[in-house]
Amino acid sequence: MSLLKIYSEKDIASLLKKRDGETKFGEKVSFIKTLEDLKNHSAKYVLLGIPEDIGVRANYGNPGTSKAWTAALGSLLNIQHNHLTNAENVILLGELDCDTQMKQAESISKEENHYAEELGGLVTQIDHKVSEVVRAIVAAGKFPIIIGGGHNNSFGNLKGTSEGIEKAINCINFDAHTDFRSLEHRHSGNGFSYAFVDGFLEKYFIFGLHRNYTSEVVFNSMEKNSHRVKFNLFEAISIDQNLSFGEALQEAENFCCNDNFGIEVDMDAIEMMGSSAISPSGFTLNEARKFVSHFSKNTYARYFHICEGSPSAGIFPNQVGKAIACLVSDAIS
Ligand SMILES: N=CN[C@@H](CCC(=O)O)C(=O)O
């Protein structure tokens, strides 16, 4: 089973737009030859792409998240390298090899009785790969920055990180949805519930949850586990304004950031952002940037995942790539 396509300079050469008198971010990032090399490298951050959209399709959502990684790289590698952008502290590892699963997903007809369940089986295969690679990165003492893919990949991130540090991990998720849904076949709406019951996720905070997209069953499930699962509402922060953005950050931080935690950002929480569940109502990109900047500075932060971006759903060319590049830059600067 091929796990990973490890990149070298030549894999990104066609994405780099060099200019005389300037040095681009992509000219200063590092590459490695094997996962073993991570231990001997001084850089902290490790960039990993997950070019898949099977989890979204298994959740009856719109395909397209498989393209976010290349779009993000095209933007990120072409920001400036300067004393503020920190490219020397980044290893560009490469992308998870999802080719076999993506091809198999294409061959499953939507007319089949068990279409979603069969896709779910492929999501489980991707889960194994994500957790293996993330575990290796975290065990080497590094901080993975994972660019998806669907939110199904939260499961592999939580499992891999938890195995890498040998204990369950907390998580803070900037998202319109909980993805804490029932334990049916694997898909993009149940990564956190699976990680919770499998013992990889200890405490879970959903930041800016939309009341309109959360079922009563899920509200009840969170209530039942209220010592370990908590949320604040987008409507409380941005519409009713009875909770300021700063207070909302503090509430999340108090709940789950006094021990190891992961940072998850679902692009569909950002208003009009090209994503699998694009929404006319949501946080601004600058609010997402404040969230990432705030939590990535916490010494207990262990990984950062950006997911559900879908370039073809974007409202202007390269919206998604540029937005992801901003968020990555905020995490490492
Ligand atoms: N990761 C996204 N999960 C959402 C999808 C919502 C949608 O497609 O509209 C969920 O399952 O609730």
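User: Before anything else, what do buried, exposed and partly exposed mean here?
Analyst: A residue counts as buried when its relative accessible area is under 20%, as exposed when that area is over 50%, and as partly exposed in between. Please keep in mind that this is a predicted model.

User: OK, so is Glu 166 buried or exposed?
Analyst: Glu 166 has 72% relative accessibility, and because the cut-off for exposed is over 50%, Glu 166 counts as exposed. Glu 166 lies in the loop between H6 and S5, and its phi is positive, about 60°, although Glu 166 is not a glycine.

User: And what about phi at Gln 241?
Analyst: Gln 241 also has a positive phi, of about 55°, and it is not a glycine. Gln 241 sits in the loop between helix H9 (234-239) and helix H10 (245-256), and with a relative accessible area of 61% it is exposed.

User: Where is the cis peptide bond?
Analyst: The cis peptide bond joins Gly 148 and Gly 149, with omega at about 15°. Gly 149 belongs to the loop between strand S4 (143-147) and helix H6 (153-165).

User: Let's zoom out. How many helices and strands does the protein chain have?
Analyst: The protein chain has twelve helices and nine strands. Its C-alpha trace spans about 55 × 50 × 40 Å along the principal axes.

User: How does the radius of gyration fit a compact globule?
Analyst: For 333 residues, a compact globule would have a radius of gyration near 20 Å, and the protein chain has 19 Å, so the value agrees with that expectation. Of the 333 residues, 58% are buried.

User: What share of the contacts join residues at least 24 apart?
Analyst: If we take the contacts between residues at least 6 apart in sequence, 80% of them join residues at least 24 apart.

User: And the surface and the charges, what do they come to?
Analyst: The accessible surface of the protein chain comes to about 13800 Å², and 49% of this belongs to carbon and sulfur atoms. The chain has 31 positive and 42 negative charges, and the mean positions of these two groups are 6 Å apart.

User: New topic: how many aromatic pairs are there?
Analyst: The structure holds 18 aromatic pairs.

User: What about Phe 261 and Phe 295?
Analyst: Phe 261 and Phe 295 form an edge-to-face pair as well, at 6.3 Å centre to centre and with 80° between the planes. This pair links distant parts of the chain, since Phe 261 is in strand S8 (residues 261-266) and Phe 295 is in helix H11 (residues 285-296), 34 residues apart. Phe 261 and Phe 295 are both buried, and they belong to a cluster linked by ring pairs, which includes Phe 174, Phe 207 and Phe 234.

User: Last one: which residues does Arg 135 touch?
Analyst: Leaving aside residues up to four places away in sequence, Arg 135 touches Gly 160, Glu 163 and Gly 164. Arg 135 is found in helix H5 (residues 115-139), and with a relative accessible area of 27% it is partly exposed. Arg 135 and Gly 156 are 21 residues apart in sequence, and their C-alpha atoms are 9.0 Å apart in space.

Notes:
Residues are numbered from 1 along each chain as its sequence is written. This is a predicted model: local features need pLDDT of at least 70, side-chain atom pairs count only at pLDDT 80 or more; totals for chains, interfaces and linings use all residues. Side-chain values use heavy atoms; hydrogens and water are left out. Helices (H or I, at least four residues) and strands (E, at least two) are DSSP runs, numbered from the N terminus. The radius of gyration is taken over C-alpha atoms; the globule rule is 2.2 Å times the number of residues to the power 0.38. Buried means under 20% relative accessible area, exposed over 50%, partly exposed in between (1.4 Å probe, protein chains only). Contact means heavy atoms within 4.5 Å. Accessible areas come from the Shrake-Rupley method with a 1.4 Å probe; for residues, only the protein chains shown count as cover. Lys and Arg count as positive and Asp and Glu as negative; His and the chain ends are not counted. The place of a charge is taken as NZ of Lys, CZ of Arg, CG of Asp or CD of Glu. Rings of Phe, Tyr and Trp (its six-membered ring) pair if their centres lie within 6.5 Å; planes under 30 degrees apart count as stacked, over 60 as edge-to-face and the rest as tilted.
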